[in-house]
Amino acid sequence: MKVIKVYDKDSDIRSYNRNVFRATESLLATFPYEYGENYRHNLETLELIQVDKFTDNSMTGYYDDQANVIFFTKKMAVGHELFHMASNDLEEGTYAFQSKMQMELGLIEGMTEYFAVKAYDLEIPGAYPFEVFCVTMLEDIPNIFKPYFIPNNKEFISLFPNRRDIYSLLYSLDAYNEMYSKILDNEYNKKDDDINITLFRNTIKDVFNSLIEIELSLEKDPHMLRQYDFKFMEYLGGKKLELLFNKFYPKYYEYADKLIDKKIRKRKM
């Protein structure tokens, strides 16, 4: 990895890719003022370091939450990383809703890209489309974003009546994230491919089930559950997810439809 250029406070960091900073700050302005405190504080010492490439060729950006530095190869990656920066409390040493077990990274990445999509007016996520889908299904929970911007794992977990459901979602989404990366990188043994693809599909099923169980624990009104049904299937049918799962799990939509039917649609209106 070769450093191409360093942008720091002395070089007026916001003059670089200024529109991205403006868009980030505009979205933060739609939340309570305290949500943006870490962003404003971290901006004072933030460095942007442009590099030629990462060891992992699929990466275009990375935020070092210890050093408060964004490494990037392409401008478009800076926006996503700025939200990672906004979720980092440098003084307390806490980061989003991450626990010591660090089993929340999949959902944290999804939430980070979720904000990037909204801030930069993207039609579809540039990264983590399945994780963004999960965040979209959680977005109506009151105060769901507070423990991200004001890092607090306990407060995040307390938003869910049944802790088992949210832990299941976090664990399953992390497992999905890890397995999908290995499948793409062909790290699995050829003879084990069938087994690993089956595990991958089961992990996706676990994510679906966890999302639905979370909604059932929060919402008892059958009419509102039906609204959730419509939203779930609409977002799940998006082109990005269809392309994502086409090769490894082409029947994902059919499975989700059956699961929603079993758990939500058959409830009496």
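Modeller: Let us begin with the convention for helix packing: axes are lines fitted to C-alpha atoms over the stretch in contact, and angles run from 0 to 180 degrees between N-to-C directions. The model itself is predicted. In it, helix α5 (residues 129–138) and α10 pack with their axes 10 Å apart, at an angle of about 165 degrees.

Biologist: Why is α5 called roughly antiparallel to α10?

Modeller: The angle is about 165 degrees. Angles over 145 degrees count as roughly antiparallel, and α5 is therefore roughly antiparallel to α10. The crossing of these two helices, α5 and α10, is right-handed.

Biologist: Which residues of α5 and α10 meet?

Modeller: From α5 come F133, T136 and M137, and from α10 come Y228, K231, F232, Y235 and L236. By class, this contact of α5 with α10 has 6 nonpolar, 1 polar and 1 charged residues.

Biologist: What makes α5 a mostly covered helix?

Modeller: The criterion for a buried residue is a relative accessible area under 20%. In α5, 10 of its 10 residues are buried. Among them are P129, E131, C134 and T136, as well as F130 and F133.

Biologist: On what grounds does L236 count as buried?

Modeller: L236 lies in helix α10 (residues 222–236). Its relative accessibility is 0%, and L236 therefore counts as buried, the limit being under 20%. Leaving aside neighbours within four places in sequence, L236 is in contact with F133, F208, L241, Y252, Y253 and A256. As for separation, L236 and I144 are 92 residues apart in sequence and 21 Å apart in space, C-alpha to C-alpha.

Biologist: Which residues touch the most other members of the largest nonpolar core?

Modeller: That core has 81 residues, and F130 and F232 touch the most other members. Neighbours within four places in sequence aside, F130 is in contact with L173, Y176, I204, V207, F208, L241, L244 and F245. Another core, of 5 residues, lies apart from it and includes I49, V51, F54 and V69. In soluble globular proteins, nonpolar side chains tend to be buried together.

Biologist: Is the crossing of α1 and α3 left-handed or right-handed, and what residues form the contact?

Modeller: The crossing of α1 and α3 is right-handed. V20, F21, T24 and L27 of α1 make the contact with V78, G79, L82 and F83 of α3. The residues of this contact divide into 6 nonpolar, 2 polar and no charged.

Biologist: How do you know whether S172 is buried or exposed?

Modeller: The place of S172 is in helix α8 (residues 163–184). S172 has a relative accessible area of 4% and is therefore buried, since that term applies under 20%. Not counting residues up to four places away in sequence, S172 touches T203, D206 and V207.

Biologist: Why does E242 count as partly exposed?

Modeller: E242 lies in helix α11 (residues 239–245). Partly exposed is the class between the buried limit of 20% and the exposed limit of 50%. At 37% relative accessibility, E242 therefore counts as partly exposed. Its contacts, leaving aside neighbours within four places in sequence, are G237 and Y252. E242 and F72 are 170 residues apart in sequence and 29 Å apart in space, C-alpha to C-alpha.

Biologist: What of Y128: why is it called partly exposed?

Modeller: Y128 lies in the loop between α4 (105–119) and α5. Its relative accessibility is 28%, so Y128 counts as partly exposed, a class lying between 20% and 50%. Phi of Y128 is positive, near 50 degrees, in a residue other than glycine.

Definitions and conventions: Residues numbered from 1 in each chain as written. Predicted model: local features only at pLDDT ≥ 70, side-chain atom pairs only at ≥ 80, totals over all residues. Heavy atoms only, no water. Left-handed = near helix turned anticlockwise from the far one by under 90°. Helix = DSSP H or I, 4+ residues; strand = E, 2+ residues; numbered from the N terminus. Contact = heavy atoms within 4.5 Å. Nonpolar A, V, L, I, M, F, W, Y, C, P; charged D, E, K, R; others polar. Core = buried A, V, L, I, M, F, W, Y, C linked by side-chain atoms within 4.5 Å. Buried < 20%, exposed > 50% of the residue type's maximum accessible area, 1.4 Å probe, protein only. Parallel < 35°, antiparallel > 145°, perpendicular 65-115°, else oblique.
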